[in-house]
Amino acid sequence: MPFLFSETIFGPVQSRRLGVSLGVNLLPTSSKFCNFNCIYCECGWTAEGGKPALPTRSEVASMLEAKLSEMHAAGDPLDVITFAGNGEPTIHPEFAGVIDDTLRIRDAYYPEARVVVLSNATMLGRQGVIEALRRVDQAALKLDSAVDETMLALDQPLQPQRVEQVVERLEAFGRDYTLQTMFLRGDHEGRRIDNTTPEEVEAWLAVVERLRPRDVMVYTIDRETPASGLEKAPLAVLEAIGRRVEALGIPVQVRG
Ligand code: SF4
């Protein structure tokens, strides 16, 4: 079963990694909306066609303010506000304005809380999105493989995309972001997909060295995937990749 968030503001949840995290889902609350169709996406497959209704900027601001005000009045702690949810947050047409509102509301109630955005980096061609992602405390930007064929097989972008384009967009963004990469193995539609092979890891490390992001997050499947036949990358493999990143002088977080 796909894992979908049924609300625009969800949580807070306590996580070992993030602390107390409140989620913001700028996508629909009953379906997924994304410009990728990753074979491992825990929200399930991307539906074709149609533009679902999205929460407006003012709706998101009022819901967030109501939640933070309630939590603050109750004396509840908050460590992070995370933009994730049922798809790609930066495809929301008012993303930049939503980030402005979120930072203002965060400053009013929980100035110490961090604002984090998980993104597939496809909208880095838009100046408003770039500037908004630079304003948050952490932008976690996806690059699942440095090999075109593998990236296309894993992420299935709805628009044509090449690794070099993504890398150039990330270079133009700067270095103050987390590069996030999902490692996995498996078979899908009659072909083997494995971005943990020595060739894959070498190509990916060369891109990491070229980009030198502020840190890297290496992770693997955590929930049911829409494609059957996929396996988690073993923790030892992720840790070995993590050590190679550290050897480049770049901090890394490994989630097995
Ligand atoms: S980019 Fe994220 S939300 Fe979109 S399909 Fe991939 S994993 Fe799912």
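**Helix packing and pockets**

Author: In this predicted model, the axes of helix 6 (residues 198-211) and helix 7 (residues 235-247) come within 10 Å and cross at roughly 35°.

Reader: What makes the crossing of helix 6 and helix 7 left-handed or right-handed?

Author: A crossing is right-handed if the near helix is turned clockwise from the far one by less than a right angle, and the crossing of helix 6 and helix 7 is therefore called right-handed.

Reader: Which residues of helix 6 and helix 7 make the contact?

Author: Contact means heavy atoms within 4.5 Å, and on the side of helix 6 it is made by Val201, Glu202, Trp204, Leu205 and Val208, while helix 7 contributes Ile241, Arg244 and Val245.

Reader: What is known of the largest pocket, and how much space lies in it?

Author: The largest pocket holds about 1500 Å³ of space, and among its 50 lining residues Arg17, Glu42, Ala84, Leu118 and Arg255 are the closest to its centre. Several strands each supply at least two residues of this lining, including strand 1 (9-15), strand 4 (114-119) and strand 11 (252-255). The lining divides into 23 nonpolar, 16 polar and 11 charged residues.

Reader: Which residues are the closest to the centre of the second largest pocket?

Author: The second largest pocket, with about 550 Å³ of space, is lined by 26 residues, of which Phe33, Cys34, Asn35, Ile91 and Leu158 are the closest to its centre.

Conventions:
Residues are numbered from 1 along each chain as its sequence is written. This is a predicted model: local features need pLDDT of at least 70, side-chain atom pairs count only at pLDDT 80 or more; totals for chains, interfaces and linings use all residues. Side-chain values use heavy atoms; hydrogens and water are left out. Axes are lines fitted to C-alpha atoms, for helices over the stretch in contact, and angles run from 0 to 180 degrees between N-to-C directions. Helices (H or I, at least four residues) and strands (E, at least two) are DSSP runs, numbered from the N terminus. On a 1 Å grid over the protein atoms alone, a cavity is a set of points where a 1.4 Å probe fits but cannot get out, and a pocket is an open set with protein on both sides within 12 Å along at least five of seven lines; lining residues have an atom within 4 Å of a point. Grid points are joined across faces, edges and corners, and a volume is the space filled by probe spheres set on the points. Ala, Val, Leu, Ile, Met, Phe, Trp, Tyr, Cys and Pro count as nonpolar, Asp, Glu, Lys and Arg as charged, and the others, Gly among them, as polar.
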